[in-house]
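Please look over the structure shown below before reading on.

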Amino acid sequence: MSSLPPVELEVEVVDDSMEDDTTDMIPADRPDDMSKLLYHSDVLEEFKTSSRAAQCPSLASRYPPATVAKISENYYDIIISSLYVPTELGDYPKFTLPARADAVVELWRAKLAEGVLSPAHFQDHWRVTVPRIYSPQPNRTCLDWSFDEELAQKLLIQPLEQFVWGGSDASQAPMPRRSTLCGRVFKQGEPAYSCRECGMDNTCVLCVECFKVSAHRHHKYKMGQSGGGGCCDCGDYLDAPENDEQESQTSISADVVERMKILASVCFSYCFRLLTLDHAPGLPNELRLKDGERDLLQILDQPDCYCTVMYNDETHTFEQVIATLTRVLKANHRDAVELVSLIDREGRALVKCNSFQICDKLKTDIEARTAMFERFTSRHGPVLKVLVMHAHVVAHQHYAMKLLHWLQNFVSKEPSLRLAVSQVALGSEVGGAVGAGGVAGAGGVAAGVMQNDCRMWKAARTAWHRLLIATTLMDYDTKRNMAILFTKYYGSMLKDFIRDDHDHSFSISSMSVQLFTTPTLAHHLIAKHDALFVVMNTFVSECLRRCNSKGRLEFDRNHVSMAFKRAQFILYDVKYLLGSVPTTFDDDLRKGFLHGLSLIISLLVMMQGMDSVVRQRGQHMEYEPEWESAFNLHVKLANSITLALEWCGAERGLLASAYRMALRRHADTCTHEPHQLRELGNQSALVIPYDVSSEPVSIHRPLSRFIAGLHLHLQRHGLAYHSREFDRHDRPKPTPEELIEPVLCTMAMIAQVHAGMWRRNGYALLNQLYFYHNVKCRTEMLDRDVVMLQVTCHIHLVSRIDEDSFPRYASNIHFE
């Protein structure tokens, strides 16, 4: 590899007019960026051939004579004595990093040939090289970051590519083949197209390039903005001939694939450890510079540099953080706005780089300032997260992010490499010699990301999500394994998301739209891994915390629980799982669906009769009750209820089991007073006593409406309310009067409201009735109530008329 050309470095001569915290970091008599200057070949060669530093033209052209004399007097002997380091491959200069990169690649190949290659061999190179390129400079923020990306490409990225391809030059790699899958991962705000004629649901989207070359552009389509985190659902993007595909597959040797697995395992382990690092000020032991390396890097006795890093949250406002940075950092308003925007976009930002004492004092001042805002405002939440970490930690984390982006782009060129990386990410395979040190077993790094997603900031989360989508979701087998793993850790992921405050698009749980909307995967997960039960159990466990003594959901009037609002994202996953009704059922699928349906019915029981109201008498209601939470829950659940009914109606045995289960829960839940004999005119009957004008009445009757929806499918399968399949030996099934009673109370209350009897109950009840009739809710509310009235009247009529009396009864019916 050719050496780097000389780079002109801008040097600021420090004088007494600088701030106090600057003099603590950079002595006035030494040059800035000295260690970076020594990377370049012209200075190095002159140091090796000169007897004094003053005789080095490149050094003299960059620094004043006084500084060069200081170097010659104090540091020249140290530099010369440290220029060469012995290795197993011979001596090579420490500061000629391009030559070092070539030597490192040869070392990796030699260790691989011996069968003793380990992650430590890669980390030894990264431990020294990464801080020299990506360490933040003192007295700067992330707005002033300036790294030599060309140097980083040659020293950090190209050696990895050379190791994989096995050549001395990464350009010798075979020409990449365009995959038959687009695999484009959408960024937030990126345009996406959805075909209204061909898409199975509104989650099926295409990127711009795929849409322009597809037949969907001539169909009815919808264009919108992606929320980020998804990928293109194009399927076959280009029609590649089979012979081309076979040639491309054979052009990648097994050795290249094996080296790709080794490198992927090492990179995953390194990135996962750095990006989920417990926030201690220092690095892990294996990434800390050794004494000799530290002396070389800090050739002018520069003290350790630390960084103050501020993290994003959804509690503090833009104005509060801008005011805090303006006051504490003494930054101008423009810089403060840019820093806050960066924090909101990336999830964190470096606001100060200096000694530990200065950075820690800044952290304390920021926390005190934000605490003062909380005392004078109504916003109460977690303290603004500010951490102090070593500059080398920031450097390694920055490189870890670069490494994830490089892996995503690198493997996208060749399906065989992408498959290898996918297998390593899922823990199914790990490259031979590094198996002990890689992220292996128990789901691999994918499982680790799922369990530690909330510990990372926005940009780190997004990098992991895009890499997993671009690798594990591009092949059906790996996508299925990913879906199984996702289901396994679903409960813990959603619990972390509920406790977190970041948007759903930045959570690993948002990948459910990619996994659960695939029909074959959804059916497999429900049948073999009880996915519907796992998802519903996660939501029901949150609902149980908000039930009153009667087992009904109850919401606070003065406080809307953010945790419960975030938990309602689970209901979208229920809709995704049930989105495709299977045409055939096996025993496993039938059992898995009924297991999950039992929890759906349990949720309907909790909602049955919630937010009940009592008619006000004498005076107007003093405080309006809380009613919006219940309707928001119903709106999110309505589609899942409709889909569950379609699943139940697809098979006779499934319908019978679901109807029997619903009747049993109705009988156990809806208890009534003993029947009383009432007379009206010349007629008398046993009725259930209930006064709607004086007792609690609710507009929410989801269990009764679910039974009404099931009843509509009975006739198609030759079933009826009186069928033997629904008889119980231990307890009789609910009578038609008991089935109609909850709905009849609601309808009577609505009639009284229209008659003006409930005016003292305020606008809350009127708003509920508005949404009851609104198109968003009426399908699973008003329409189901009408069906229940018709069904129970029919059941009651059939039960009272036998076959002999029916013709006589029918002859007395007169139609107007």
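## A buried histidine

In this predicted model, His700 has a relative accessible area of 2%, and because buried means under 20%, His700 counts as buried. The residue is placed in the loop that runs between strand S9 (683-687) and helix H31 (702-711).

When neighbours within four places in sequence are set aside, His700 is in contact with Met607, Gln608, Gly609, Met610, Asp611, Ala630, Phe631, Arg705, Gln768 and Met781. Thr746 lies 46 residues from His700 along the chain, and the C-alpha atoms of these two residues are separated by 8.4 Å.

## Helices H27 and H29

Helix H27 (residues 570-577) packs with helix H29 (residues 628-648) at an angle of about 20°, and their axes are 9 Å apart. H27 and H29 are therefore roughly parallel to each other, and their crossing is left-handed.

On the H27 side the contact is made by Leu571, Tyr572, Val574, Lys575 and Leu577, while H29 contributes Leu633, Lys636, Leu637, Asn639, Ser640, Leu643 and Trp647. Sorted by class, the contact of H27 with H29 has eight nonpolar, two polar and two charged residues.

## The chain as a whole

The secondary structure of the chain comes to 35 helices and nine strands, and 53% of its 816 residues count as buried. Of the contacts in the chain with a separation of 6 or more, 78% are accounted for by residues 24 or more positions apart. The chain exposes about 38,400 Å², of which carbon and sulfur atoms supply 50%.

Methods:
Residues are numbered from 1 along each chain as its sequence is written. This is a predicted model: local features need pLDDT of at least 70, side-chain atom pairs count only at pLDDT 80 or more; totals for chains, interfaces and linings use all residues. Side-chain values use heavy atoms; hydrogens and water are left out. Helices (H or I, at least four residues) and strands (E, at least two) are DSSP runs, numbered from the N terminus. Buried means under 20% relative accessible area, exposed over 50%, partly exposed in between (1.4 Å probe, protein chains only). Contact means heavy atoms within 4.5 Å. Accessible areas come from the Shrake-Rupley method with a 1.4 Å probe; for residues, only the protein chains shown count as cover. Axes are lines fitted to C-alpha atoms, for helices over the stretch in contact, and angles run from 0 to 180 degrees between N-to-C directions. Angles under 35 degrees count as roughly parallel, over 145 as roughly antiparallel, 65 to 115 as roughly perpendicular and the rest as oblique. A crossing is left-handed if the near helix is turned anticlockwise from the far one by less than a right angle, and right-handed if clockwise. Ala, Val, Leu, Ile, Met, Phe, Trp, Tyr, Cys and Pro count as nonpolar, Asp, Glu, Lys and Arg as charged, and the others, Gly among them, as polar.
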